[in-house]
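This report examines selected parts of one protein chain. The sequence and the structure are shown first, and the description follows.

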Amino acid sequence: MTAGSAHVADNPADDSATVNDRADATDRFAGIDTRLYLVTDSAQCEAAGRSVAETVQAAVAGGVGIVQVRDKDIDDAGFYSLTRQVIAAVDAATRGTDRTVPVVLNDRVEVARRLIGEGETVHIHVGQTDATVAEVRAALGAAPLIGLSAANSDEFAAARNSGVVDLVGIGPVYDTSTKADAPDGIGPERLGELAAEAGLPAVAIGGITADRAPDLHGRGLIGICVVSAICLADDPKSAAEELLAAFTGSDQ
């Protein structure tokens, strides 16, 4: 897949600006539409009567620009197989277009290393209790994007100082049942404050729906992350289209 134009969701000067309008060719997100980021949930997809791959293919066709594969309940062999299915689904959804839709692995550094060794382009997202971002960069090299969940000044400072973090995920914005140990939602205003403080490209996650997405526009984000809003949707393609339009305030 070749790189197409990428969107920055929140640019105070011009909401239609692209990543390529704001950065040079070395920009880590050049060619990636970051506005809508899907994090998969295998159980939710199954409950909706679909596989993860089927959900991903439909959602990417509807406008999802980044896909994170997340499943804490399977071993590395199962996760490798799942990721292979997701890669194939993304390829099917983008075939014949100029879209580049990154596949991000949640925490599975060894699986990512294996896939990279096999010639795949994959990326990684870790939490504060997973492998450190320095360890991830050392293991995977310079090419993969590294995302990190962060929620306070110390975590943002550590992310910036590491020199290897490309993206921070901030949340939960709203109360969510997707993660059993998730804290209370911080709300859109606090989200905006944290995004400004982060000093890195930021996406929001946690309880985001099409009804709530408009409240997140103008908060300094490059995108929103969703789980249930797509994985449990009757029609993931339509759900993605609705979320993207709601967040951007446009018809894409």
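## The surroundings of Thr55

Apart from its neighbours within four places in sequence, Thr55 makes contact with Cys45, Arg50, Ile230, Cys231 and Pro236. The model described here is predicted. Thr55 belongs to helix H3, which spans residues 52-61.

The relative accessibility of Thr55 is 1%. Because buried means under 20% relative accessible area, Thr55 counts as buried. A polar atom of the Thr55 side chain lies 2.9 Å from the backbone oxygen of Ser51.

## The crossing of helices H4 and H5

Helix H4 covers residues 76-94 and helix H5 covers residues 109-117; their axes come within 10 Å and cross at roughly 50°. At that angle, H4 is oblique to H5. The crossing of the two helices is right-handed.

Which residues meet where H4 and H5 are in contact? From H4 come Asp76, Phe79, Tyr80, Thr83, Arg84 and Ile87, and they meet Glu110, Val111, Arg114 and Leu115 of H5. Sorted by class, this contact contains five nonpolar, one polar and four charged residues.

## The position of Ala30

Ala30 is located in the loop between helix H1 (19-22) and strand E1 (36-39). With a relative accessible area of 28%, Ala30 is partly exposed, because this class lies between the limits of 20% for buried and 50% for exposed.

In sequence, Ala30 and Thr100 are 70 residues apart. In space, the distance between Ala30 and Thr100 is 9.5 Å, C-alpha to C-alpha.

Notes
Residues numbered from 1 in each chain as written. Predicted model: local features only at pLDDT ≥ 70, side-chain atom pairs only at ≥ 80, totals over all residues. Heavy atoms only, no water. Helix = DSSP H or I, 4+ residues; strand = E, 2+ residues; numbered from the N terminus. Buried < 20%, exposed > 50% of the residue type's maximum accessible area, 1.4 Å probe, protein only. Axes fitted to C-alpha atoms, helices over the stretch in contact; angles between N-to-C directions. Parallel < 35°, antiparallel > 145°, perpendicular 65-115°, else oblique. Left-handed = near helix turned anticlockwise from the far one by under 90°. Contact = heavy atoms within 4.5 Å. Nonpolar A, V, L, I, M, F, W, Y, C, P; charged D, E, K, R; others polar. Polar contact = N/O pair within 3.5 Å; in protein donor to acceptor, adjacent residues only side chain to side chain.
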